[in-house]
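The entries follow in the order I made them.

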Amino acid sequence: MVVMDPIKVVITNVSGSEIMTSENNPEDHSSGEREMQFSSEIYLSARDFMEIPPKKFFRLSPGGMVRLKSAVHHQVRGSDQDADGSIKELRCTYGPNSRSGSDTSGVAVKGVIHWGGCEERSACRDPSV
């Protein structure tokens with residue numbers, strides 16, 4: 001899996017890291033699974049976030065909540081911009097009782113987005129890496 005045009009996400013209420021397992025292809029279970037490292041720093045595609053979203057935008061926006069695929073609920077709490085106003089980093093929190101497959105949070109979200117951890121640097125496509 002590759003995150004194109006990545007935005008760095010700092011999850012402020014994560015300590016340490018955890019391995020999350022996700023299917024390679026939800027339509028073909030014989031394709032196996034992959035492990036992804038979930039930590040306080042992950043990357044999302046820039047197109048999965050909008051500061052002022054249109055109606056029926058089921059991805060991230062300020063205060064909005066989505067599920068990170070095969071992981072947890074995730075909510076934007078703030079962002080940092082560069083000099084030209086482009087979003088460079090999101091600050092977020094996650095719902096600790098919202099882990100995929102064992103969610104007891106009682107919170108329903110409409111969107112699910114892909115993400116990547118960059119411990120092995122193959123999960124993000126950042127020219128500075």
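I took a salt bridge to be a side-chain nitrogen of Lys or Arg within 4 Å of a carboxyl oxygen of Asp or Glu. The model is predicted, so I kept to its cut-offs: local features need pLDDT of at least 70, side-chain atom pairs count only at pLDDT 80 or more, and totals for chains, interfaces and linings use all residues. Residues are numbered from 1 along each chain as its sequence is written, and side-chain values use heavy atoms, with hydrogens and water left out.

Entry on salt bridges. I found 8 salt bridges in the structure. I looked up Lys8 and Glu41, whose side chains meet at 3.4 Å, N to O. Lys8 is in strand 1 and Glu41 in strand 4, so this pair ties together parts 33 residues apart in sequence. Strands here are DSSP runs of E of at least two residues, numbered from the N terminus.

Entry on the sheet. Strand 1 (residues 6–11) and strand 4 (residues 41–45) pair in the antiparallel sense over 5 bridges; pairing requires that DSSP finds at least two bridges between two strands. I noted Ser45 in strand 4 as the bridge partner of Pro6.

Entry on a second pair. Arg91 and Asp80 form a salt bridge at 2.7 Å, N to O. Arg91 lies in strand 7 (residues 87–94) and Asp80 in strand 6 (residues 73–81), so the pair ties together parts 11 residues apart in sequence.

Definitions and conventions
Helix = DSSP H or I, 4+ residues; strand = E, 2+ residues; numbered from the N terminus.
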